[in-house]
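Colleague: I have a chain to go through with you. Could we put it on screen and take it piece by piece?

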Amino acid sequence: MYTAAIVTLSDKGYAGEREDRSGQRLKELLTEHSYQVVSYRLLPDDAKLLQEELVRLADEVGCSLVLTTGGTGFSLRDTTPEATMAIAHRNAPGIAEGLRAYSLQFTPRAILSRGVSVIRNQTLIINLPGSVKAVEESMAFLMGSIEHGLAVLTGQEGECGRG
């Protein structure tokens, strides 16, 4: 079983003005696919706080997978991709490119997502949009492919990709 963490970026959610439905849906979907969700955090749209959390999840907690939701649009406060790239050791652009291409079948606005996918140590970090619908679509696309990548990344390829 791989360990996973969820970080939702939302000023309104952090202030208690909006429920975090996308992060909660991510938790449900990960659990349904046998991931052990070891951390869930709701943070404001703040690059420094996100960088600190991503480093903690990768370096201290040692999560296999970290999914962020929110902060990938064009607003000045949407700095999730920049914060994620700042702590990355390696880029994994095919995942984010694939997500955008897949999402185009549902909405032409998929081209506006700036989410990235990166590796830090043995942790795969993927930025997802902030809506429940986009999270569900993204996870439908990802779940068939990322287990192999996680198996290779964590050195468990010969063990059927399970930690």
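Colleague: Which residue in the turn between β5 and β6 has a positive phi?

Modeller: A caveat on the source: this is a predicted model, where local features need pLDDT of at least 70, side-chain atom pairs count only at pLDDT 80 or more, and totals for chains, interfaces and linings use all residues. Residues are numbered from 1 along each chain as its sequence is written, and side-chain values use heavy atoms, with hydrogens and water left out. β5 and β6 form a hairpin with two residues between them. The turn residue with a positive phi, about 55 degrees, is Asn 121.

Colleague: How many bridges join β5 to β6?

Modeller: Strands here are DSSP runs (E, at least two residues; helices are H or I, at least four), numbered from the N terminus. Two strands pair if DSSP finds at least two bridges between them. β5 and β6 run antiparallel, and Val 118 stands opposite Ile 125 in β6. The number of bridges joining them is four.

Colleague: Is β6 largely enclosed or open, and how many of its residues are buried?

Modeller: Buried means under 20% relative accessible area, exposed over 50%, and partly exposed in between (1.4 Å probe, protein chains only). Thr 123, Ile 125 and Asn 127 point one way from β6, and Leu 124, Ile 126 and Leu 128 the other way. Both sets are buried. So β6 is largely enclosed by the rest of the structure, and its buried count is six of six.

Colleague: Which strands are the edges of the sheet?

Modeller: The sheet is open, with six strands and mixed pairing. Its order is β2-β1-β3-β6-β5-β4. β3 and β6 pair in the parallel sense over five bridges, with Thr 68 opposite Asn 127. The edge strands, each pairing on one side only, are β2 (36–43) and β4 (90–91).

Colleague: Which residues does Ser 138 touch, beyond those up to four places away in sequence?

Modeller: Ser 138 lies in helix α6, and that helix lies across β3 and β6. At 2% relative accessibility, Ser 138 counts as buried. Contact means heavy atoms within 4.5 Å. By that cut-off, Ser 138 touches Leu 99, Leu 128 and Pro 129.

Colleague: Is Leu 112 buried or partly exposed?

Modeller: Leu 112 lies in the loop between α5 (93–103) and β5 (117–120). Its relative accessibility is 39%. Because of that value, Leu 112 counts as partly exposed.

Methods. Axes fitted to C-alpha atoms, helices over the stretch in contact; angles between N-to-C directions.
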